[in-house]
Amino acid sequence: MLDPKIITFLTIVETGNFTKAAEKLNLTQPAVSHQMKQLEEELGVSLWKRSQRTISLTPEGEIVLRYVRRIRALNEDMKNEILHTDHSIKHLRVGITHTSESNLVASALARYSSREKSPQVTLLSDSSQRLYDLLDSYEIDLAIVDEKPPKNFASKTLNTDALLLIMPTGCPLAKKEMISLSDLKKEKLILRLPSSETRQLLDKQLQAAGKTLDDFNIFMEMDNIATIKDCVRQNLGLSILPQSVCQNEIKKKKLLGRPIKNLNLIRETSLVYLQDFPEPKIIEDIIQTYHKVNGK
């Protein structure tokens, strides 16, 4: 039921040019150009910036892209709901942050999806802001983020934990119950990238304490949490990570975690969804499954 001009517009965006879009849609290039001219005339704006070899969207084109993606996602949801006369969701699209990917969230979702009559789950990982955009355009159904979400979304708290200084077993700092900032300055640190929610929380709390990360010896930055934990286990440096992503290693005494004095590094993991999400029971079932996996 989508307007062919919308399908053509999205195909051009996804392929990067009119020629490839024409090939993919089995149309002639003049037909593709004509459809785009019609769409521009209908909307009264120019959608494309053209150079000799490339095309890109105008600011107005970016707005159109955001809305037509939403239209496409809603169209797919409509067809799926028509196919299933019991109106239950059969396929659940869930976006998670990279931090959530490394804790028990993925395990909980796998266990939930494996239950009889539960929907099939598709997972994708991205930044919180990108997940909000996908949620707002109906391209995902749920998002799991490491912060309090914007107020225009509905949400429930999935978990609360803290960032800890993560160290290898045998580290001299393990003798202390809490680690001071003075202690931390003497250590080599491996941190998440500046764009990560973990890093942003750390930056904010250091600023509140009158410090910056420039005061510390950060010798490596990376985004892969599993690799960071491997480096810490090999005694290459210490890191600051959420307790939830390290709890298995801490439980098995492969890593140790200690709180950092004078920093409020408490964070929330939230399950976020649109106000019109049709099946609240799915939300409750996922939360219950997560708590069982988490031993709560």
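The structure is a predicted model, in which local features require a pLDDT of at least 70 and side-chain atom pairs are counted only at pLDDT 80 or more, whereas totals for chains, interfaces and linings use all residues. Residues are numbered from 1 along each chain as its sequence is written, and side-chain values rest on heavy atoms, with hydrogens and water left out.

The chain contains twelve helices and eleven strands, these being DSSP runs numbered from the N terminus (helices H or I, at least four residues; strands E, at least two). Of its 296 residues, 44% count as buried, and the C-alpha trace spans about 70 × 50 × 35 Å along its principal axes.

Side chains of opposite charge can pair when their charged atoms come close. In total, 18 salt bridges are present in the structure, a salt bridge being a side-chain nitrogen of Lys or Arg within 4 Å of a carboxyl oxygen of Asp or Glu. One of these joins R70 to D136, with 3.0 Å between the closest N and O atoms; R70 belongs to helix α4 (residues 59-83) and D136 to helix α7 (residues 128-136), so the pair ties together parts that are 66 residues apart in sequence. The two partners fall in separate accessibility classes, since R70 is buried at 19% relative accessibility, while D136 is partly exposed at 32%. In the salt bridge between D183 and K176, the N to O distance is 2.8 Å; here D183 is buried, with a relative accessible area of 10%, and K176 is partly exposed, with 35%.

Within helix α10 (225-233), the side chains of D230 and R233 meet in a salt bridge with an N to O distance of 2.1 Å. Because D230 and R233 are three residues apart in this helix, about one helical turn separates them. D230 is partly exposed, with a relative accessible area of 33%, and both residues take part in a network of salt bridges that also links K229 and E249.

The loop between α10 and β9 (239-242) contains L236, which is partly exposed with a relative accessible area of 38%. Together with F219 and M220, L236 makes a nonpolar surface patch of about 230 Å². Such patches consist of residues with over 30% relative accessible area and no salt bridge, like charges being joined within 9 Å and nonpolar side chains (Val, Leu, Ile, Met, Phe, Trp, Tyr) within 5 Å; the areas come from the Shrake-Rupley method with a 1.4 Å probe, and for residues only the protein chains shown count as cover.

One cavity of 30 Å³ or more is found in the structure, a cavity being a set of points, on a 1 Å grid over the protein atoms alone, where a 1.4 Å probe fits but cannot get out, with lining residues having an atom within 4 Å of a point. The largest cavity has a volume of about 40 Å³, and its lining comprises L184, L189, L202, L206, L213, F216, I240, I260 and L263.

Towards the end of the description, L274 is located in the loop between β11 (266-273) and α12 (280-293).

Notes: Buried < 20%, exposed > 50% of the residue type's maximum accessible area, 1.4 Å probe, protein only. 1 Å grid on protein atoms, 1.4 Å probe; cavity = no way out; pocket = protein on both sides within 12 Å on 5 of 7 lines; lining within 4 Å. Points joined across faces, edges and corners; volume = space filled by probe spheres on them.
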